[in-house]
Amino acid sequence: MSAAAASPTRESLCRLLRNRIAVAGLVFALAMSLACAAAPWIAPSDPTLPRHWLGARAPGFAHPDCRETNEFVVGQSVEISARAARAARIALTARESDSAATTYRLVLRRGTVQITAGTDKVPVLDLTDQHAFAVDVDGTLGTQRTGMVITSGQAPPAGLFAAGEQVVLLRLQGSSREVAYQAAIDGGKVTAVTRDGAAVARAAISGEDVVRIVADGNELTVRHPLGTDIQGRDLLSRILHGGRISLMVGAVATLVSLVIGVLYGAISGYAGRRTDRVMMASVDVLYAIPFMFLVILLLVYCGRNILVLFIALGAVQWLTMARIVRGQVLSLKNREFILAARASGLGHWRILTRHLIPNCVGPVIVYGTLTIPMVIMEESFLAFIGLGVQQNGVDSWGALIEQGHANLTRDRTWLLIFPASAMALTLLALNVLGDGLRDALDPRTRDRS
Amino acid sequence: MLSYILRRLLMAPLVVLVLVTISFVIIRAAPGGPFSGERRMDPVVEEALRAKYHLDEPLAMQYVRWLGDLCRGDLGPSYKQKTRTVNEIIADTLPTSLFLGALSLLLALFVGLIAGILGAVRQDRAWDHATMLLAMVGLSIPTFVIGPMLVLVFAMHLGWLPVAEYKGPWHPSYLILPAVTLAIPFAARIARLSRAGMLDVINADFIRTARAKGSPEMGVILRHALPSAMIPVVGFLGPAVAALLTGSLVIEKIFQIPGLGREFVESATNRDYTLVMGTVIVYGLIVLLCNLLADLLLGVIDPRIRYE
């Protein structure tokens, strides 16, 4: 590009586009925002729908698309997942147990394992072709164990006991057989139900027994690319829906801080003299106040309302913006074009809004971009300490990280890693973008922080 | 210098007053009081309780009375921990938090200054780019992500360090993870600031003169450049203390450290109003004191500020 043709704006844009890290940040931030905006299409699973029988399952886990209870009653509307309910014929295979489940207690003592079931000692627990589930303290089923033989008096297979763990409970489902249900549906109402070929009036199958659901010839499964959380909710869907809240808080609170900061700074700089001194002295006073504690107070007393959060976080962040804009206005207000505007009889308000503020756009954009990750971080911080806001039961990223951390064990790391990476990468992207914008708009600051 | 110190000292009480007033307004503006709790109370009992805590007086009187209690250092009883006063709780837990914070700040200063100064001295070399990228990462990843991740790697997978426990200041292995986690964002910030400050002065005339005189490079950097380069770092120390205290809320939760931060978070979620207020005021005073010290230090090393 020839130097003569380049306007300052185009030149800055070119500089930004040459900065590969900043462009990568821009692309990532945009991609993440788009993915969160398109969350219902990318991850159709309901982020708030618990499937307690699943518990935390590893990434890539797939299971039949069913609910906690699935019910067919002749003459009534069908109680099943939304996708299946649209079909005319549903074939459902369920497991019915003939004998009760057994819980084995495995105790690690001096490097060897002792197995008991109730009061009986068990010499060998053979899981080569059976599944057993680890039972958590709270009674939920955890990790699935299979393909191992555990022998009393010998060392346990690797990975069975987590570091420092002394006792493991394993539940082995009793022997079971598969039962086939068929249902015909017309206009949302069930017209006929059969169980193993025999007509019945009603059938209720709990979600954990469902083996397969076929609706109009298509097998319905739900896949969880990033696994499920402790309540069996789809993690990908939770991250993308949570991102909507986090990014929205970031954008709106930044906008609030932008409006306050720009107006305050511009008025202070333009008015000058005593007004300026008083306004900037109050900014100094406010700077010294630890605002996060006041935001916490506000959330505790006013309840966890997303509007309170917008305003509170925005009100914390405007101080630096006001200083930046004031400095900019101070250096602009004696320039010829402002004198010309004043000479032609424009009012103060017009000069401010038409001539001064538009000329501050560069620094405002840069600082605004850097404010977004700061606000997102603050919101997540609040969510992490238990003061997060929920929108229609959806948690923000900070709350997801908190849940991941609270339920963290050696073999449930995805609960923490995925939400944490989503947030960390987005913040990093926004920060490098902000840095790149600053370098592009004012190359002299490249060496400053 | 004297007028500068006086100006700073005069501003501090003003800031305290603003902080305390905002806190008071937030409490009183919120719906419900300490007794509009779970059960409906006998009106006579409630009236007596309100009288006992002076809630029946006009707002201005309550404010003055509350300020008076505050001046005497009385933060009132805790509503939820019935046997302890707020003062006792704070006295029990604050030292732990301060110890952890001081440890982290020292760690951050040590690592950050070395990284930043070396980066500036070898500007645009591989070391410089690597540390600045690391600093960017350290700034972008919140402590409540770094902390659990470090626990996952060093405690759960490698088993080198204990998971989450606190056994007092004399058990360093229990302190490493919390202190490092808390220090990371500050080390990153300090590295960026000290590098920028160093680059500002490293090409100045007086540095060239010092070099021309034949002073060894090490001496030029440490004796002549470093003091000026420290100005942005010292300016950051005031806000850093506020951020350290907020950061320790999370650290104490992650690593189960019995400090004031954990007490604050618990009281905030339990709506233990007096404890929340007392903690905010203590935190506020610490921040103000550190801001004041940082400002004074800044006045000592940067003569321009004194005569502003």
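How many residues does the contact take from chain A and from chain B?

The contact takes 46 residues from chain A and 53 residues from chain B; contact means heavy atoms within 4.5 Å. This is a predicted model, in which local features need pLDDT of at least 70, side-chain atom pairs count only at pLDDT 80 or more, and totals for chains, interfaces and linings use all residues. Residues are numbered from 1 along each chain as its sequence is written, chains are lettered from A in the order in which they are written, and side-chain values use heavy atoms, with hydrogens and water left out.

## The A–B interface

About 4400 Å² is buried between chain A and chain B, and carbon and sulfur atoms give 77% of that area. Buried area is the accessible area (1.4 Å probe) that two parts lose on being put together, summed over both.

Two salt bridges are counted between the chains. A salt bridge is a side-chain nitrogen of Lys or Arg within 4 Å of a carboxyl oxygen of Asp or Glu. Arg192(B) forms one with Asp435(A); their closest N and O atoms are 3.2 Å apart.

## The chain A side

Helices here are DSSP runs (H or I, at least four residues), and strands are runs of E (at least two). H13(A) gives the largest share of the side of chain A that touches chain B: eleven residues. That side divides into 30 nonpolar, eight polar and eight charged residues.

## A sheet in chain A

Chain A has an open sheet of six strands, ordered S14-S13-S12-S3-S16-S17, with antiparallel pairing. Strands pair if DSSP finds at least two bridges between them. The edge strands are S14 (198-200) and S17 (218-219). Three bridges join S13 (residues 189-195) to S14(A). Arg195(A) has Ala198(A) in S14(A) as its bridge partner.

Terms used:
Nonpolar A, V, L, I, M, F, W, Y, C, P; charged D, E, K, R; others polar.
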